[in-house]
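Subject: Structure handover

Hello,

Here is the structure for your files. My notes on it are set out below the entry.

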Amino acid sequence: MDEQNYLGGANVRKKIVSGAQSLAVKLNKEIEKGNDNTAFMLAILLAAFKDFLDIILTLTFVGLIPGVNFAVGLFLTSFLFFFMLGKGWFLKWRIRLWFWILGLFIDGLPAFSALPINTLLVLYAWRLTKKRKAKAEIKLKNLENLTSHEIDRLNNDISLLENAA
C-alpha cells in the first residue's frame, strides 16, 4: 500500500515537473517575442510606409476615388497582418478583428485614410507584446510558486498572460 502511494506521488510529481518545464519553454518564447526589436522595426516601417502612402493619395485627391485606398491598403495591410501574426503578436482574436476593422476597412474610407491607423495598431500590438514579455518574466521567475492548476492553465493558453496580475 505504501509503495502504491509512493508511486502515485512520484507520477504526480513527474507530471507537475513536466508541466513546469513545458511552461518554462513557452514563457521563454514569449520573452523572445518581446525582445525581437528587428521585427518590430520592420513592422513599424511597413505601417509607416502604408500610412504615408495613404496621406499622399489623400493629399493628391487620388485616394478620394472610391476603391483606390482600399486596393492599396488591402495588399499592405494583409502583408503587415500576416507578418505580425507569424511573429506571434496576435494571440487573441479580438486584436486580430480590430486590426482588420481599423486597418483595412476604416483606413480605406477617404476621410480616415490620412490618419496613421496602421502605425498606431503596430504600436499597440508591440505594447501588448512587451506587457506579455514582462508578465512572462515574472511568471518564469516565480515558477516554483505557481500551483499545478496555474501551470496547466498557462500551458493550455499562454495568452492568459495578458490577463495575469
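The notes cover conventions, the overall fold and a few individual sites.

This is a predicted model, in which local features need pLDDT of at least 70 and side-chain atom pairs count only at pLDDT 80 or more, while totals for chains, interfaces and linings use all residues. Numbering starts from 1 along each chain as its sequence is written, and side-chain values use heavy atoms, with hydrogens and water left out.

Overall. The chain has six helices and zero strands, in the order α-α-α-α-α-α along the sequence. Helices (H or I, at least four residues) and strands (E, at least two) are DSSP runs, numbered from the N terminus. Of the 165 residues, 39% count as buried; buried means under 20% relative accessible area, exposed over 50%, and partly exposed in between (1.4 Å probe, protein chains only). The accessible surface comes to about 9900 Å², and 68% of that belongs to carbon and sulfur atoms. Areas come from the Shrake-Rupley method with a 1.4 Å probe, and for residues only the protein chains shown count as cover. Among contacts (heavy atoms within 4.5 Å) between residues at least 6 apart in sequence, 74% join residues at least 24 apart.

Surface patch. Phe70, Leu74, Leu97, Trp98, Ile101 and Phe105 form a nonpolar patch with about 550 Å² of accessible area together. Two or more of these residues come from each of α3 (68–86) and α4 (93–106), and α4 gives the most, with four. Patches are made of residues with over 30% relative accessible area and no salt bridge, with like charges joined within 9 Å and nonpolar side chains (Val, Leu, Ile, Met, Phe, Trp, Tyr) within 5 Å. A salt bridge is a side-chain nitrogen of Lys or Arg within 4 Å of a carboxyl oxygen of Asp or Glu. Phe105, in helix α4, has a relative accessible area of 48% and is therefore classed as partly exposed.

Thr119. This residue lies in helix α5 (residues 117–141) and is buried, at a relative accessible area of 16%. Leaving aside residues up to four places away in sequence, Thr119 touches Ile44, Ala47, Ala48 and Asp51. Thr119 and Phe49 are 70 residues apart in sequence, with their C-alpha atoms 8.9 Å apart.

Phe61. In the loop between α2 (37–59) and α3, Phe61 has a positive phi of about 65° although it is not a glycine. Phe61 is exposed, with a relative accessible area of 58%.

Regards
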